[in-house]
Amino acid sequence: MRTGLKLLVLLALAVGFALIIKDSSGYFMLVTGDERRTVSLTTGVFLLIIAFVFVYLLVRLIATLSNSPTSFKQWRVRRHTSKDVTLLEKGWLELIEGRADSAEKDFTRLFNHSHNPSRQAIASLAAAKAAHMSGHHEQRDKLLLLAENKSRHFPRLAEATATVKAELLLDQGESRQAQALLEALDTANGSNQEHIQKLLLRAYKQTGSNEKLLPLARIMLKKGRVDRFEALRLIEHAAAGRINHAAPEEWQYVWKSLSGDEKTMPLVAMAAAARFEAGGDNKNAGKVLEEAWAVTKDARLLKMYVQTAGGAVQERLAMAQGWLKKDGNNPELLTALGYLCLKGQLWGQAERYLTRSLAIRSEMAATEAGQEVGVSREEAQTHALLGTLYDRLGRAQDAIKHWRIASAATSALPVLNNDSILPAADTTEDPDGPPDRKKLDNLDDRLMSTKVSADANDDYQADEYFDTAPIPGYEAEKQGRK
């Protein structure tokens, strides 16, 4: 629009000037020495315009010729820069697509082609990352060294180089070196660089620096800089680690410094319960697990709750029965109740809880799979408990049946096919006579008909299948009965 208006104005001026000149009777005189040249005003104006244009073109030509070396140099720089940008775009596109080998080659070409130190530093960094993805670790280290040398006079590039180096060290498992680099970067940035802090979370977790991981994870969660689920898992891991590794006289200070939500996290509650149990405070151990179970129905909490019952079997049995009223179809809870009944020698209740747990598990498996499936590890534990129960009741056949089911679910024998037949055994050194087999005849029948004595089999075998230690105080009870 503006250009059109300018053209209209110029056209109007030209037309007006032409009309003025046409109606003018004036003349234009040029005096050169003794000669005079007289022309009309119109001709003189046109001659002046032509002379101006000629002089302008002559000056432009001289200026162009004088600036040609500089112009040629600038053209070469622009051409070189355009090729650098093309290689950079191509390399990043290949790196994003996952073609690390091709990206490494293009970034290396860019490093060798470019004369700009900053572009060389960026190219060497990107090439180092591509070499790391390809598993070329020696080449990666060389490229990182080149990037450090090129970025020495560029603070921002030096920071980027250190960040990339720390990230690659974390991937390689060199957590201590990465942590030192990241802590220096975090201090220099005033704890405002989100990516550096995320890498610090990884470094602290890998090095086991739980005292640093816990506050950083809390800050990151509060600022919303990390996924909530991931932050909570890191907080749980760090808090449990601090409790587990604290000195006996210090761990309770760590426990009291945690928030209410952190204390009910499964790993944290289990760590605290273990420390209370180790100090002989069975009451607080149970209370911690009960509070955590009220928030998170984690099977690990329930398993530890029944395993560490000690002399409080009846109290914990009553508490678990209260939970069962609210969640009557929880197979884990039913198995735990059966275990507690076994420890309390309540045989009838134990059988009811365990058989009901197996029935619910079978229904759940059939509903999910639509057909019969194999015995899971949890079912195997329940079968093992039933085997122990029937063994105590003298029902040897039922006990062996459930133990066989449990052992079949937790172990598997290798199968030999036709392509892997073992070579024949060397029998040259064997004795001449056959082995004595008089005690091996009808072994299964005699095992099935043998009456199992409760006093001879007092040690519970359930602990082996329930992943727990022998029942506390049971050895003293056995010695007393003897």
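Student: At what angle do helix 8 and helix 9 pack, and how far apart are their axes?

Tutor: In this predicted model, where local features need pLDDT of at least 70, side-chain atom pairs count only at pLDDT 80 or more, and totals for chains, interfaces and linings use all residues, helix 8 (residues 175–188) and helix 9 pack at about 145° with their axes 9 Å apart. The axes are lines fitted to C-alpha atoms, for helices over the stretch in contact, and angles run from 0 to 180 degrees between N-to-C directions. Residues are numbered from 1 along each chain as its sequence is written, and side-chain values use heavy atoms, with hydrogens and water left out.

Student: What makes these two segments helices, and which residues of helix 8 and helix 9 make the contact?

Tutor: Helices are DSSP runs of H or I with at least four residues, strands are runs of E with at least two, and both are numbered from the N terminus; by that rule there are 24 helices and 2 strands in the protein. The crossing of helix 8 and helix 9 is left-handed, and the contact, meaning heavy atoms within 4.5 Å, involves residues including Leu 182 and Leu 185 of helix 8 and Leu 199 and Ala 203 of helix 9.

Student: Why is the crossing of helix 9 and helix 10 called left-handed?

Tutor: A crossing is left-handed if the near helix is turned anticlockwise from the far one by less than a right angle, and right-handed if clockwise; the crossing of helix 9 and helix 10 is of the left-handed kind. Helix 9 and helix 10 pack at about 145° with axes 9 Å apart, and among the residues making that contact are Leu 201 and Tyr 204 of helix 9 and Leu 213 and Met 220 of helix 10.

Student: How do you know that the length of helix 9 agrees with its number of residues?

Tutor: The expected span of a helix is 1.5 Å times one less than its number of residues, so the 14 residues of helix 9 should span 20 Å, and its end C-alpha atoms are 20 Å apart, which agrees. The 18 residues of helix 11 (residues 228–245) should span 26 Å, and its end C-alpha atoms are 26 Å apart, so there too the values agree.

Student: Which residues of helix 9 are called buried, and what covers them?

Tutor: Buried means under 20% relative accessible area, exposed over 50%, and partly exposed in between, with a 1.4 Å probe and protein chains only. Ile 196, Gln 197, Leu 199, Leu 200, Leu 201, Ala 203, Tyr 204 and Thr 207 of helix 9 are buried, and their cover includes helix 7 (155–172), helix 8, helix 10 and helix 11. Of the 482 residues of the protein, 34% count as buried.

Student: Why is Gln 345 called partly exposed?

Tutor: Its relative accessible area is 34%, so Gln 345 is partly exposed. Gln 345 lies in the loop between helix 18 (331–343) and helix 19 (347–369), and its phi is near 60°, a positive value in a residue other than glycine. Most residues other than glycine have a negative phi.
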